[in-house]
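Trainee: I would like to learn how to read the features of a model, one at a time. Please show me the structure and begin with a single residue.

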Amino acid sequence: MIFLLKRKEGYNERFLSYLWRYYQNLLQQGLLFLLALLLFGCNNTADNNQTIANTQKVEVKSIKEYVNDNDFIAITPDVYANQVSRSSISIEEKQNLENQMVAATYRFYKHCIQDDKGRIFCNLTCGKNINISEELFQRKMKDIEETNKYVEKHLKAGTKYRVGKLDEKYLNSLLNYEAK
């Protein structure tokens, strides 16, 4: 400041005028930036509201419809877990995903049998046989394998064990399943 005062008065005035214009320009640019930010934010909010409105129009297909229509269920276990955990997905979309998973489980276990010890055997060779994704089919086969290992372990050890029964009652519970 002292330096500015020692300069010629005309120079000080020009310099102060330059600073004033510079700060006015910054203020105008800042206001323009804020205005653009507000406009973009409002537009983005409108888009999100439109997306929410569009997702609410999703028709929920029941488990029985998925089973009877035999449409291909392309969902994979990893995609299912990721989709269901997203907060942006609508209730209807979550319901459809869950219904697809239950319908796929029904289709799979409909082709399996269980012996009196609890071991499960499946006569399917691939997901294409029951119109589900191969990844989901492999996960179901792995579940059977784990169940059978559990049963074998307890049979060898002579310990008590309990496994769910794969019967008509179980299959009907899948068809009539409702999320809580």
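Trainee: Which residues does H154 touch, not counting residues up to four places away in sequence?

Mentor: Contact here means heavy atoms within 4.5 Å. By that rule, and leaving out residues up to four places away in sequence, H154 touches T159, K160 and Y161. This is a predicted model, in which local features need pLDDT of at least 70 and side-chain atom pairs count only at pLDDT 80 or more, while totals for chains, interfaces and linings use all residues. Residues are numbered from 1 along each chain as its sequence is written, and side-chain values use heavy atoms, with hydrogens and water left out.

Trainee: Where is H154 found, and is H154 buried or exposed?

Mentor: Helices (H or I, at least four residues) and strands (E, at least two) are DSSP runs, numbered from the N terminus. H154 is found in helix α6, residues 134-157. As for burial, buried means under 20% relative accessible area, exposed over 50%, and partly exposed in between, with a 1.4 Å probe and protein chains only. H154 has a relative accessible area of 13%, so H154 is buried.

Trainee: How many helices and strands are there in the protein chain?

Mentor: There are seven helices and two strands, and along the sequence they follow the pattern α-α-α-α-α-β-β-α-α. Of the 180 residues of the chain, 26% count as buried.

Trainee: How do I read the packing of α5 and α7?

Mentor: Two packed helices are described by the angle between their axes and the distance between the axes. Axes are lines fitted to C-alpha atoms, for helices over the stretch in contact, and angles run from 0 to 180 degrees between N-to-C directions. Helix α5 (residues 91-109) and helix α7 (residues 168-175) pack at about 155°, with their axes 9 Å apart. That makes α5 roughly antiparallel to α7; angles under 35 degrees count as roughly parallel, over 145 as roughly antiparallel, 65 to 115 as roughly perpendicular and the rest as oblique.

Trainee: Which residues in α5 and α7 meet?

Mentor: V102, T105, Y106 and Y109 in α5 meet Y170, L171, L174 and L175 in α7. The residues of this contact divide into seven nonpolar, one polar and no charged. Here Ala, Val, Leu, Ile, Met, Phe, Trp, Tyr, Cys and Pro count as nonpolar, Asp, Glu, Lys and Arg as charged, and the others, Gly among them, as polar.

Trainee: Which residues in α7 are buried, and why are they on the same side?

Mentor: An α-helix has 3.6 residues a turn, so residues three or four places apart point the same way. In α7, L171, L174 and L175 are buried. They cover an arc of only 100° around the axis, which puts them on the same side of α7; the arc is that of the directions from the helix axis to the C-beta atoms. What covers these buried residues includes α3 (63-69) and α5.

Trainee: At what angle do α5 and α6 pack?

Mentor: The angle is about 60°, with the axes of α5 and α6 11 Å apart. That makes α5 oblique to α6. The residues of their contact divide into eight nonpolar, one polar and two charged.

Trainee: What is the phi of N70?

Mentor: Phi of N70 is near 55°, a positive value in a residue other than glycine. N70 is in the loop between α3 and α4 (77-85). With a relative accessible area of 39%, N70 is partly exposed.
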